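Here is a short tour for anyone meeting this structure for the first time. Take a look, then read on.

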Amino acid sequence: MLKKIVTVTVLTLLTAATTARAEQKLLITDVLDQKQIEAQASLEYSHISADLNVKSFPFDTGKVTSNVTESRYSLGVGLGYGLELDASIPFVVSERAKTELAGESEYDKRDGFGDVTVGAKYRIFDEERMPFTLVAGLDLKFDSARRKDAGTGTFDVSPYLAASKRLEHHTTPYVGYRAIVRNHGAADSHILTLGLEKEYSETVTLDVRGDASFNTASDFATSSQNYSIEAATYVQVYHNLYLIPSVALLVDSPTDIKAADVHVATAVGVRGGISLYYLY
């Protein structure tokens, strides 16, 4: 039972920031025009692991490892007047975790659909009127997945702000802030994003971004931080159809699991993905 608590809690911590990652080809501050529609399907694989030890018995050490293959499907619609509506749902193809502690192992697995997220994004102003573009948005993630599937078991409210500035040579730096407020005693998150989009040609664009998520203490664990650096390339394969490969480095700070008296050391992992995006 102890290792089961450790496994479930660590999986929650390792994925705390990923639920808010945007899944659109457009720049973070771009908003669809009236009657425009975007659709995206993505497939990602992530691997992350961390060392463990029982705080009251430091020599009882172990390791937790997580391997996740997940797809996500999203749709966005432009309503005009700078307003866009979005919806997405993930499908966990395979999530496998192994916890080794005090010479024993515990395995956990799950798959199936995750929770539905719906949201709205509004352009406050753009560079035609101001020196930069500013948008605001609000996402709602519902506790919609069945318990045997791959939901998080929480209802999340996630407001955000993002700004960008187009420079010469088709270069656009951008920044963003997102808060995620969760119920049922789960940790809240505050996520800062800094990125740069560089268009090399009409068919190839590079997007590099860094995310830092600061998570409050929850009923299950102490406060923690998640960091990631991701590079994605947008390759136009047909008119308005893009192929988007991406790769990321993941680092999670140490934390303590309250119910199990277990310390989780720094976790390090990688994530790779491929997406198809279409705008029409």
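How many residues lie between β1 and β2 in their hairpin? There are 2 residues between them.

## Before we start

This is a predicted model, where local features need pLDDT of at least 70 and side-chain atom pairs count only at pLDDT 80 or more, while totals for chains, interfaces and linings use all residues. Residues are numbered from 1 along each chain as its sequence is written, and side-chain values use heavy atoms, with hydrogens and water left out.

Strands here are DSSP runs of E with at least two residues, numbered from the N terminus. Two strands pair if DSSP finds at least two bridges between them. β1 (37-54) and β2 (residues 57-80) pair in the antiparallel sense over 18 bridges, with Ser46 standing opposite Val68 in β2.

β1 also runs antiparallel to β15 (residues 267-279), joined by 12 bridges. Over there, Ser49 stands opposite Val268. With β14, β1 forms 3 antiparallel bridges, and Val54 has Val262 as its bridge partner.

## What's packed inside

A nonpolar core is a set of buried Ala, Val, Leu, Ile, Met, Phe, Trp, Tyr and Cys residues joined through side-chain atoms within 4.5 Å. Buried means under 20% relative accessible area, exposed means over 50%, and partly exposed is in between (1.4 Å probe, protein chains only).

The largest core has 13 residues, and Ala50, Leu52, Leu101, Ile257, Val262 and Val264 touch the most other members. β1, β12 (241-252) and β14 (262-264) each supply at least two of its residues, with the largest share, 4 residues, coming from β1. A second, separate core has 8 residues, including Leu32 and Tyr234.

## A pair of rings

Rings of Phe, Tyr and Trp (its six-membered ring) pair if their centres lie within 6.5 Å; planes under 30 degrees apart count as stacked, over 60 as edge-to-face and the rest as tilted. The count comes to 6 aromatic pairs. One of them is the tilted pair of Phe142 and Phe155, at 5.6 Å centre to centre with 45° between the planes. Phe142 is partly exposed at 34% relative accessible area, and Phe155 is partly exposed at 31%.
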